[in-house]
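Walk through this model with the coordinates open. The tour goes from loops to strands, then helices, and ends at the ligand.

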Amino acid sequence: MDVQGNTFLITGAASGLGAATAERLVAGGGNVVLCDMQEGVKAQAESLGASAVACVGDITSDADMQKAVALAVEQSDGRGLAGVIHCAGVVSVGKLVDREGNPASLEAYSKTVNINLIGTFNIMRLASAAMTKNTPSDDGERGVLINTASIAAFDGQVGQCAYSASKAGVVGMSLPAARELSRHGIRVMAIAPGVFETPMMSEIPDEAAQALAAAVPFPKRLGKPVEFAKMAEQIITNVMLNGDVVRLDGGIRMQ
Ligand SMILES: NC(=O)c1ccc[n+]([C@@H]2O[C@H](COP(=O)([O-])OP(=O)(O)OC[C@H]3O[C@@H](n4cnc5c(N)ncnc54)[C@H](O)[C@@H]3O)[C@@H](O)[C@H]2O)c1
């Protein structure tokens, strides 16, 4: 699939990995709908010029995501929604049992799973339904769904039960969704980033961020959002990438 002339919906696009992906796709000649629950997404879209529009919405809301998908279809000049790069998500930390022996909050666990996992399913179902109506390319391709997991899906640390489970669920959906949607020519992939320099990382104490950077075999630094954007672009343009998850992590294995 070409980036040039196609329309992509990017969630979590007000910030970090989503914002960098929107910039990269616009630079490649794509049209983008930037979706985020933050109002700041409007300024982000404006900064990218005429090929970008904003949509404020919550990834867990049926109505909001229906609106976002409809807007992308509307922006596509009759070609339909070609791809989703789904980056909206939250990080959370919380032990099963705290120092005083109190159990973790069930509400906090549910919130993480609701945004990261159920939100992913929400956009996948609505976007793929719209993509089935697209005219296929010569390769029979109608669309591509790119989700954002995390290496925490595989090497979760203490305190990451909720986050790791939510991201492992995203990884787990790649293959069954790709198998199901193959008859429509829709691919499904996930990217599992290691540790990237985004506003989300600023929620982690400096010392912990430095320790994580030092634990990356090579390059010994945090990932740059543009490196995530390049992987998303590769997945869009390489039709053989399907039903899998790509670790993008400089070789780090978290302890
Ligand atoms: N930064 C990292 O090191 C890293 C590592 C692994 C995975 N990830 C994943 O990458 C994705 C993007 O993270 P980032 O680092 O760019 O973080 P970020 O905080 O910079 O961006 C996340 C964006 O998602 C939006 N968002 C959150 N909840 C939402 C909701 N309910 N509806 C709509 N939008 C919502 C936020 O407003 C924000 O703009 C997340 O899924 C995160 O878990 C990040």
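Pro 219 sits in the loop between helix H6 (206-214) and helix H7 (225-237). Helices here are DSSP runs of H or I with at least four residues, strands are runs of E with at least two, and both are numbered from the N terminus. The peptide bond from Phe 218 to Pro 219 is cis, with omega near -5°. This is a predicted model, in which local features need pLDDT of at least 70 and side-chain atom pairs count only at pLDDT 80 or more, while totals for chains, interfaces and linings use all residues. Residues are numbered from 1 along each chain as its sequence is written.

Another loop links helix H3 (62-75) and E4, and Asp 77 lies in it. Asp 77 is not a glycine, yet its phi is positive, about 55°. It has 9 C-beta neighbours inside 10 Å, so Asp 77 counts as exposed. The cut-offs are these: buried means 20 or more other C-beta atoms within 10 Å of a residue's own, exposed means 12 or fewer, and partly exposed is in between, with C-beta atoms placed from the backbone.

Now the strands. Strand E1 (residues 7-11) pairs with E2 in the parallel sense over five bridges; pairing requires at least two DSSP bridges between two strands. Phe 8 stands opposite Val 32 in E2. Thr 11 also belongs to E1. Thr 11 counts as buried because it has 31 C-beta neighbours inside 10 Å. Val 41 is 30 residues from Thr 11 in sequence, but their C-alpha atoms are 9.9 Å apart in space.

Why is strand E2 (residues 31-36) described as largely enclosed by the rest of the structure? Six of its six residues are buried. In a regular strand the side chains alternate between the two faces of the sheet. Both faces of E2 are covered, with Asn 31, Val 33 and Cys 35 buried on one side and Val 32, Leu 34 and Asp 36 buried on the other.

Strand E5 (residues 143-148) is also largely enclosed by the rest of the structure, because six of its six residues are buried. Gly 143, Leu 145 and Asn 147 cover one side, and Val 144, Ile 146 and Thr 148 the other. E5 runs parallel to strand E4 (residues 81-86), joined by four bridges. Val 84 has Leu 145 in E5 as its bridge partner.

Next, two helices. H4 (residues 106-131) has 26 residues, so at 1.5 Å a residue it should span 38 Å; its end C-alpha atoms are 36 Å apart, which agrees. The expected span is 1.5 Å times one less than the number of residues. H4 has a kink of about 35° centred on Asn 114. A bend is the angle between axes fitted to the seven residues ending at a residue and the seven starting there. Helix H5 (residues 161-181) kinks by about 30° at Ser 174, shortly before the proline Pro 176. Ser 174 is among the buried residues of H5, as are Tyr 163 and Lys 167.

Finally, the ligand. It is surrounded by 28 residues, the closest being Gly 12, Gly 16, Gly 89, Thr 198 and Met 200; a residue is near if its C-beta atom, placed from the backbone, lies within 6 Å. Helix H1 (16-27) and H4 each supply at least two residues of this shell. H1 gives the most, with three.
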